[in-house]
Amino acid sequence: MILITGVSGFIGSSLAKKFLEQGYSVIGIDNFNSYYSIELKKYRTRIVGEFKEFYFEFADISNHNLLREIFKKYDITSIYHLASEVGVRHSIDHGDRYFTTNFLGTQNIINLVHEFNIKEVHFTSTSTVYEGNAIPFHEDMIIKNKLSNPYSQSKLLAEKEFENFCREQKCNVSVYRLFSVYGEYGRPDMFLFKLVTSLLRNQEITIYGDGNNLRDLTYIDDVIRALSLKKSTSGFQLYNIGAANPISINQLIEMCEKILQRKAKVNYTNHIHQEINQIWASHQKAKDIFSWQPHVPLEVGIQKTIQHIENHLAQDWY
Ligand SMILES: NC(=O)c1ccc[n+]([C@@H]2O[C@H](COP(=O)([O-])OP(=O)(O)OC[C@H]3O[C@@H](n4cnc5c(N)ncnc54)[C@H](O)[C@@H]3O)[C@@H](O)[C@H]2O)c1
């Protein structure tokens, strides 16, 4: 049975659906945190809940005893650990929560992986750990010990915990550094969602900086394929999962304006110094090791996402 933590999230719910469609049994954990619409999280959970082989446990990964009961109850053979406090900007004023879930919660998972002798573990980290490096980012770059926001720092600490664990125990851990994932049922806190809803509602959108920041938007189906592909990797492995096709915020605004035939009302304000300016993946390693590369062109993915947002605009999610 596959355990997915953060199963009600954007990526976790899509991953669960993929495995369930392939005939696997999935046990999902989530605590429906209130960072963005709980209704959206419940909706995604209901979609995967339609599969007979889906089991759900409402649990907080920082609660070790509760997690242990779940590990005792189900025959878990592999883990996809996605549960996380997310959002760089939000983390700046809420650091404690980020360390509790992303670091201590991950330690709980690692302890249980050890206790229950689980041999296959996957963990989603973030491109923002590359802060201060030259673009494009590749996996053998040196990562700073001190990153400028609690989100990136807590994910980096979690990566290191997995690495230490792998060194001491015989376990296979794949860490995926994800790059701005977007698509249907995506996160309302992310820039693309704010941009599209502001265009559709004829509202102002705030840009932090001059809009020349680069982002490497990666479509959800490509990310799910990367996570779910069977890999014959052993020990600790890091992979960038990013499109390697960067676009500036201003270019993204132009693209959405063109698709929607509307003009954005842009309010440029100061850059937030804890955020990285330029994000750009090299995905050569994933290509070499498990033949992964993105299939969905940016414009196609953006059109699908816009269509989805238009269809769900009446919901309170976006
Ligand atoms: N979406 C992206 O662009 C992106 C980029 C880089 C990394 N990631 C990583 O991918 C993973 C999934 O991200 P996402 O975009 O789906 O985010 P998401 O917020 O949609 O999903 C995370 C889920 O974890 C749950 N959660 C949070 N704290 C928890 C806790 N203490 N116990 C149990 N559940 C908890 C949340 O309720 C949520 O449903 C995260 O690890 C994130 O750091 C995402």
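A residue is taken to be near a molecule if its C-beta atom, placed from the backbone, lies within 6 Å of it. The model is a predicted one, and in it 29 residues surround the ligand, the closest of which are Gly6, Gly9, Ile11, Ser84 and Leu178. The elements that give two or more residues to this shell are α1 (10–21), β2 (26–30), α5 (95–115) and β5 (120–126). The largest share, 3 residues, comes from α1. Divided by class, the shell around the ligand holds 10 nonpolar, 13 polar and 6 charged residues.

Two packed helices are described by the angle between their axes and the distance between the axes. For α1 and helix α2 (residues 38–49), that angle is about 5° and the axes are 9 Å apart. Angles under 35 degrees count as roughly parallel, and α1 is therefore roughly parallel to α2. In this pairing, Ser13, Ala16, Lys17 and Leu20 of α1 meet Arg44, Thr45, Ile47 and Val48 of α2, and the residues of the contact divide into 4 nonpolar, 2 polar and 2 charged.

Another partner of α1 is helix α8 (residues 220–228), which packs with α1 at an angle of about 60°, with the axes 10 Å apart. With that angle, α1 is oblique to α8, and α1 passes α8 in a right-handed crossing. The residues that meet here are Ile11, Ser14, Leu15, Lys18 and Phe19 in α1 and Ile220, Val223, Ile224, Leu227 and Ser228 in α8. By class, this contact of α1 with α8 has 7 nonpolar, 2 polar and 1 charged residues. Ile11, which takes part in the contact with α8, is also among the residues closest to the ligand.

A further helix pair is formed by α7 (residues 191–200) and α9 (residues 249–260), which pack at an angle of about 40°, with their axes 11 Å apart. How are these two helices oriented to each other? The angle makes α7 and α9 oblique to each other, and α7 passes α9 in a right-handed crossing. On the side of α7 the contact is made by Phe191, Leu192, Leu195, Val196 and Leu199, and on the side of α9 by Ile249, Leu252, Ile253, Cys256 and Leu260. The residues of this contact divide into 10 nonpolar, no polar and no charged.

The next stop is the loop between β6 (172–178) and β7 (181–182), where Phe179 lies. A residue counts as buried if 20 or more other C-beta atoms lie within 10 Å of its own, and Phe179 is therefore buried, with 26 C-beta neighbours inside 10 Å. Leaving aside residues up to four places away in sequence, Phe179 touches Ser127, Asp216, Thr218, Asn240, Ile241, Gly242, Ala243, Ile279 and Ala281. The C-alpha atoms of Phe179 and Tyr268, which are 89 residues apart along the chain, are separated by 24 Å.

Most residues other than glycine have a negative phi, and most peptide bonds are trans. Ser180, found in the loop between β6 and β7, has a positive phi near 25°, and with 20 other C-beta atoms within 10 Å this residue is buried. Ser291, in the loop between α10 (284–290) and α11 (298–311), also has a positive phi, near 55°. Is Ser291 buried or exposed? Ser291 counts as exposed because 9 C-beta neighbours lie inside 10 Å. A cis peptide bond, with omega about -5°, joins Ile135 and Pro136, and Pro136 is found in the loop between β5 and α6.

The walk ends at Lys170, in the loop between α6 (150–168) and β6. Lys170 counts as exposed, with 9 C-beta neighbours inside 10 Å. Between Lys170 and Lys119 there are 7.6 Å in space, C-alpha to C-alpha, although these residues are 51 residues apart in sequence.

How values were computed: Residues numbered from 1 in each chain as written. Predicted model: local features only at pLDDT ≥ 70, side-chain atom pairs only at ≥ 80, totals over all residues. Axes fitted to C-alpha atoms, helices over the stretch in contact; angles between N-to-C directions. Helix = DSSP H or I, 4+ residues; strand = E, 2+ residues; numbered from the N terminus. Parallel < 35°, antiparallel > 145°, perpendicular 65-115°, else oblique. Left-handed = near helix turned anticlockwise from the far one by under 90°. Contact = placed C-beta atoms within 7 Å. Nonpolar A, V, L, I, M, F, W, Y, C, P; charged D, E, K, R; others polar. Buried ≥ 20, exposed ≤ 12 C-beta atoms within 10 Å, placed from the backbone.
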